Amino acid sequence: MPSRITCEVRETAPVAVVQLTGALDLGTMRSVHQALDGALAAQPDALVIDLTDVTVKDRLALSVFAATARRAEEWPAVPVVLCAPPPAAARWLAESTTCRVVPVSPDCAEATRMAGEASSPRLRARLEPVAGACRRARELVGDACTRWNLPEAAGPAALVLSELVGNVVRHAGTPMQVTLTLRRPYLHVAVVDGSRAAAEPAGLDLRAEGGRGLLLVRELAQRWGSVPTGRGKAVWALVPVG
């Protein structure tokens, strides 16, 4: 009989707690990965994964947590903490590379506290796909860089965010959630819109009507990417802050 696992998300503001119940193996790790991606799509300040009621049947399945933490590092730039693994799972975690990526706490209340303390300062804004959205995006960057004393990042980050917002206005045409997060050495810039179409830069065709803004993003950012989230996508970029 195939293994089964359930994933329940509890909001413990500003931390999201995902409680897993059932068997974790190579067959169920995909559903766990999808559930954790769904929890990240809500852009919490931090994510705790409760393993109290999990039976780990294959130690290789524990790699799903490292994959989630690596995804969360870039977008939505949140810390991930595991809590209360059963004894066998705790031993396997200690012997694996997962612990190098994801902290593990024996107590869920302590894990929630740890995750909350590790969360980063961020600014959020909801923008409509209108002509003034790019200007508002640049103003948001200016506010963030003034608040966090990042004068050297203000210019590049404003260009990156205005291009990402402009891409939504031109192509997706949906309301968007803009988020700026300071996790040194980067200012994380992200825009979530309501279109599932991947954001892709134009090729070398100079006659192309669009996509050049994403080429600029690629040049100014340390890294950037586009990931599906819910009914839309998130496009993120990492701008060095020195």
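Q43 lies in the loop between helix 1 (29-41) and strand 3 (46-56), where helices (H or I, at least four residues) and strands (E, at least two) are DSSP runs numbered from the N terminus. Phi of Q43 is near 55°, a positive value in a residue other than glycine. The model is predicted, so that local features need pLDDT of at least 70 and side-chain atom pairs count only at pLDDT 80 or more, whereas totals for chains, interfaces and linings use all residues. Residues are numbered from 1 along each chain as its sequence is written, and side-chain values use heavy atoms, with hydrogens and water left out.

**Backbone features in loops**

- Q43 counts as buried because its relative accessibility is 9%; buried means under 20% relative accessible area, exposed over 50%, and partly exposed in between (1.4 Å probe, protein chains only).
- N149 also is not a glycine, and has a positive phi of about 55°.
- The loop that holds N149 runs between helix 6 (133-147) and helix 7 (151-172).
- N149 counts as exposed because its relative accessibility is 60%.
- W75 and P76 are joined by a cis peptide bond with omega of about 10°, and P76 is found in the loop between helix 2 (63-74) and strand 4 (80-83).
- Another cis peptide bond leads from R184 to P185, with omega near 15°.
- P185 lies in the loop between strand 7 (176-183) and strand 8 (186-193).

- An open sheet is formed by five strands in the order 1-2-3-4-5, with mixed pairing; two strands pair if DSSP finds at least two bridges between them.
- Strand 1 (5-12) and strand 5 (104-105) are the edge strands, each pairing on one side only.
- Strand 1 and strand 2 (residues 15-24) run antiparallel and are joined by eight bridges.
- Within this part of the sheet, I5 stands opposite G22 in strand 2.
- Helix 5 packs on the sheet and touches strand 1, strand 2, strand 3, strand 4 and strand 5; contact means heavy atoms within 4.5 Å.
- The direction of helix 5 makes about 155° with that of strand 3; axes are lines fitted to C-alpha atoms, for helices over the stretch in contact, and angles run from 0 to 180 degrees between N-to-C directions.

**A115 in helix 5**

- A115 is found in helix 5 (residues 108-118), and it counts as buried because its relative accessibility is 0%.
- Leaving aside neighbours within four places in sequence, A115 is in contact with V15, A46, V48, P79 and V81.
- A115 and G22 are 93 residues apart in sequence and 24 Å apart in space, C-alpha to C-alpha.

**Nonpolar cores**

- The largest nonpolar core has 36 residues, and L161 and V165 have the most contacts inside it; such a core is a set of buried Ala, Val, Leu, Ile, Met, Phe, Trp, Tyr and Cys residues joined through side-chain atoms within 4.5 Å.
- Two or more residues of this core come from each of strand 6 (122-127), helix 6, helix 7, strand 7, strand 8, helix 8 (212-220) and strand 10 (232-240).
- Helix 7 gives the largest share of this core, nine residues.
- Not counting residues up to four places away in sequence, L161 touches A137, V141, V178, L180, V189 and V191.
- A second, separate core of 28 residues includes V18, M29, I49 and A69.
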